[in-house]
Amino acid sequence: MDYIGEHLLPGQLGHFFITLSLVASIVASFAYFKATRHVDTVAGDYYWKKLARIAFLIEVVSVFSIFIILFYIIYNHLFEYKYAWQHSSRSLEFKYLLSCFWEGQEGSTLLWSIWHCVLGLVLIKTGKTWEAPVMSVVSFVQFCLATMLTGLYIFEWKMGSNPFTLLRDSGVLDNAVGMHMNADITQPLRPDYLNFIKDGNDLNPLLQNYWMVIHPPVLFLGFASTLIPFAFAIAALWTRRYTDWIKQVLPWSLFSLAVLGVGIMMGAAWAYESLTFGGYWAWDPVENASLVPWLILVAGVHTLLIYKHSGHSLKSTFLFMILTFVFILYSTFLTKSGVLGESSVHAFTDSGMNVQLVSFLAIFFIPSIILLINRSKEIPAIRKEEATSSREFWMFIGSLVFFLTAIVISAKTSLPVFNKIFGTKIAAPEDEEFAYNQIQIHVAIIIGILTAIVQYLRYKSTTGTAFWKKIWIPTIISILAATAILYFGDINYQTHGAGYLGAIWLAIIAAVYAIIANAAYIWVGVNGKLKLSGGSISHLGFGLVLLGILLSSSKKEILSRNSSGIAIDFGKESKEKAGENLTLVKGFPMKMGKFDVTYEKDSAHPKKQQWYYFIHFKSRTDKEEFTLKPNAFVNYKGNEGLMANPDSRHYLDHDVFTYISALPNPEKNKDTATFKPNPVRTGDSIFYSKGYLIVEKVATRDSLPFDGFRPGDKATVATIGVHSLTRGNYTAEALLIDQGGKQFAVPDTIMPESLILQLNSVTGDSLNIGVKESNTILEYVTLKAYKFPYINVLWIGIIITAIGILMSMVRRIQLNRQLKKA
Amino acid sequence: MKKIHIILLVGIAATIAVLISFLQNTSTYDTVDTAMSKPGKFVHLMARWDKDSPLEYDALNNPNYLSFTAVDTLGKSVKVIYHQPKPENFEISERLVLKGKYQDGIFDCQSIQTKCPSKYKDDMEAAKKNVQMSQAIEPKP
């Protein structure tokens, strides 16, 4: 049957290129395999290699074509394709079309695959004798990724998930009565079904953030780049060239370390700016899953340097490089299998590819480890042990700490996997973040101190005097600086007791030591030659990262706490915590920390159900004044509820951060309240739910600044004092206007008390005052606000670390080139 | 034995010790009945919001008090109080992971994790809406 309005050509092309990429990648890996095996013959070195290169090039073209076609489909809103319908909508801004590309797991797999292609091309250009064995591994990984996009059925088992599936084939419309002929779901779809699909499902509002445009590409470049050290390690074991891979792999691993690190922290920046848990890191399984390979890679890069300079730790290097990639695969398994369902906020749901994901893990882990064990006797190692005063000894300890930390974090993150295998029901501890922090704080102390001093040690051995001569000045400066920070910084985090506070202090001292000692080393160690100081710069940056984490976490303040001016004493034994949320009534300032905060107005997004709330902050102690505009999607796509995006004000030394945590629901707050009549005289009081009213005086006036008040009209004004128990006093004026015998009342509203007062009648000195209490008259928002101090120390630290690592990478590449020339 | 081996052993021992102590602090996933059977103990209660029972939240009165009824898959229900506003996706969540303690007849909740319906069901919901739309437009056959 022909359906009206469908564009089938892009999908057909897409299917073609998916098949082509599957075939090309397996041909490339086989040809590279042959080229490696027969490296000494012309056939191997020339023909097989040539075939392999052509196949890989076809693979590259295919993957890029798939990417372009899928983007074409999303860009042109071809909702006959499930991917476009599921992840995008017509109202989506152009920049977010990319985000919806990688929202789905097919798109993210494709992104990963694209980076492998780019890196593969670089390897073909630079790999020389390593090209064939390394590219066999890379091509084989590409083949595995390609299978994830096929969506083929092998008997009952579905392999992968195809991004070009048509909406009508996806099962989504199967039970949609109106879409079928004669409104009968057993009949085929109507030929004009597409007319009824007006818009797509849209991108998850939380992902409509600029960080989501760039964080996934960088993170996936990080993921993809870990394949290169892995492929080198496998190639070296396979071809028994155990030592000369080091030279080439070093810049690759440094590149991977920088990009993966930056990618992870861009995710943290996204969480900070668009999620509402109030921070950049929550030890969420998905975050941990990408951190673990990075930690192992740090260990790997350091053992690589140890080997290069001292000949030790080659076996550990192999192990770490293999495990880095295996843990990347494990993180893919964790996020895409749905196993984290209960424990993570943002994992993909089960995509039905668990068998495939587990087999990838097995295919790459088991043979690699067996290969490593089999060949481990052949791997050169130095019998003599490292001197305790040598740099390599302490570097190795540092690497070991990183590796074991990675294992601990991974084990904790794997609780859901453990539950699945053993059928247990173990859940995270009560304070999950603290369960991580209380361990990692000690790791931070050890790593901070090692980062500070190890550069001052020499490889092989160091004499005591030489070491002390160089390090004593930085040490003293660090002690002074750390003392100053602790003294003036008022680091007083009491939540977990004195022991933990002591650990925080020690960690701050260690971080400061790492910063200062590494800064000093640029002059003391390498005489200010910036070219040589990539290592010191990255370590300095890492020290700043530690310091930023420690300061921002231990000095984070909830501004919206305890600030309503309502003194509520819950009593010492009470479980009640002082509230962390504050309700602001439009136009009425509330005290929040040193600020008077007012909800001024709101505005709607022209195309979406997204509202911006203007929250004005005015300091009582200085002239500071600013407006934050947190926004929220309200009842998004017909789903009742609120999805909030925070806004923050950035200062050099802190951020003020706020988001909307609740809004009134206009649907549910229908105005059902009525005016309750109260016969009173002047001086009488009337009680209402939050206080009492006193009728202060009644006066008659014949002129009023009131629209529609004509000469000759008379007005009676009742002045009523409103005495709120919680918010203080107000004055209301209720009017009763007499227009030539026709009377009408003009009520007065006390917004913050949700109170409307009306003068019903006046007879002599007895009045009738109507009192109405209604929430519907009120416009208010409930928000949460934080102060994050020194968050910039963290962000700057990350940038410096990455720059330092990349400087080292450039230096290593230059050294390799010089070596080649010589 | 080399120094490095001793350090390796110490490191591995420390790792195991850390993991054992972690396991001792873990909690459990529970139903209403099992949560009630251990009052005062921190648990992860798996339940959903019972939309038929009243939900109490008045931001003007106290923005830090939410109370509702949670019902588990066995049909048992419990009153929950939570000292924050409704979490995101609360209304559409088909399952809630309520972290807290059962005490004195109520479940005192420290944090709520919402679990959205799977993508597939999401699609079905949206598809249903499309259907309604199409039925409104379409002339009856």
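## Chatting through the contacts and sheets

Q: Hi! Which residues does Phe403(A) touch, not counting residues up to four places away in sequence?
A: Hello! In this predicted model, Phe403(A) touches Ile296(A), Ala299(A), Phe320(A) and Leu323(A), with residues up to four places away in sequence not counted.

Q: Nice. Where is Phe403(A) found?
A: Phe403(A) is part of helix H13 of chain A, which covers residues 391-413.

Q: And is Phe403(A) buried or exposed?
A: Phe403(A) counts as buried, because its relative accessibility is 14% and the cut-off for buried is under 20%.

Q: How far apart are Phe403(A) and Gly300(A), in sequence and in space?
A: They are 103 residues apart along the sequence, while their C-alpha atoms are 8.8 Å apart in space.

Q: What does UniProt place at residues 106-337 of chain A?
A: An unreviewed UniProt entry puts the feature "domain: Cytochrome c assembly protein" there. In the model, that span is 62% helix and 3% strand, and its end C-alpha atoms lie 13 Å apart.

Q: Switching to the largest nonpolar core: which members touch the most others?
A: Those are Trp245(A) and Phe318(A), in a core of 225 residues. Helix H9 of chain A, residues 246-274, supplies the largest share of this core, with 18 residues.

Q: What does Phe318(A) touch, then?
A: Leaving out residues up to four places away in sequence, Phe318(A) touches Ala233(A), Ala236(A), Leu237(A), Tyr242(A), Trp245(A), Leu372(A) and Ile379(A).

Q: OK, sheets now. What is the strand order in the open sheet of 4 strands in chain A?
A: The order is S14-S22-S21-S20, and the pairing is antiparallel.

Q: Which strands stand at the edges?
A: Strand S14 (676-681) and strand S20 (748-750) of chain A do. Each has a single partner strand, so one side of each has no neighbour in the sheet. Neighbouring strands of this sheet are turned by 30° against each other on average, direction ignored.

Q: How many bridges join S14(A) and S22?
A: S14(A) pairs with strand S22 of chain A, residues 766-773, over 6 bridges in the antiparallel sense. As one example, Asn678(A) has Ile769(A) in S22(A) as its bridge partner.

Q: Last one, over in chain B: where is Ser67(B) found, and is it buried or exposed?
A: Ser67(B) is in strand S3 of chain B, residues 66-71. Ser67(B) counts as buried because its relative accessibility is 3%.

Q: What is Ser67(B) in contact with, leaving aside its neighbours within four places in sequence?
A: With those neighbours left aside, Ser67(B) contacts Pro54(B), Leu55(B), Glu56(B), Lys79(B), Val80(B) and Ile81(B).

Conventions:
Residues numbered from 1 in each chain as written. Chains lettered and ligands numbered in written order. Predicted model: local features only at pLDDT ≥ 70, side-chain atom pairs only at ≥ 80, totals over all residues. Heavy atoms only, no water. Core = buried A, V, L, I, M, F, W, Y, C linked by side-chain atoms within 4.5 Å. Buried < 20%, exposed > 50% of the residue type's maximum accessible area, 1.4 Å probe, protein only. Helix = DSSP H or I, 4+ residues; strand = E, 2+ residues; numbered from the N terminus. Contact = heavy atoms within 4.5 Å. Pairing = 2+ DSSP bridges. Axes fitted to C-alpha atoms, helices over the stretch in contact; angles between N-to-C directions. UniProt positions renumbered as here; feature names shortened; annotations may be inferred.
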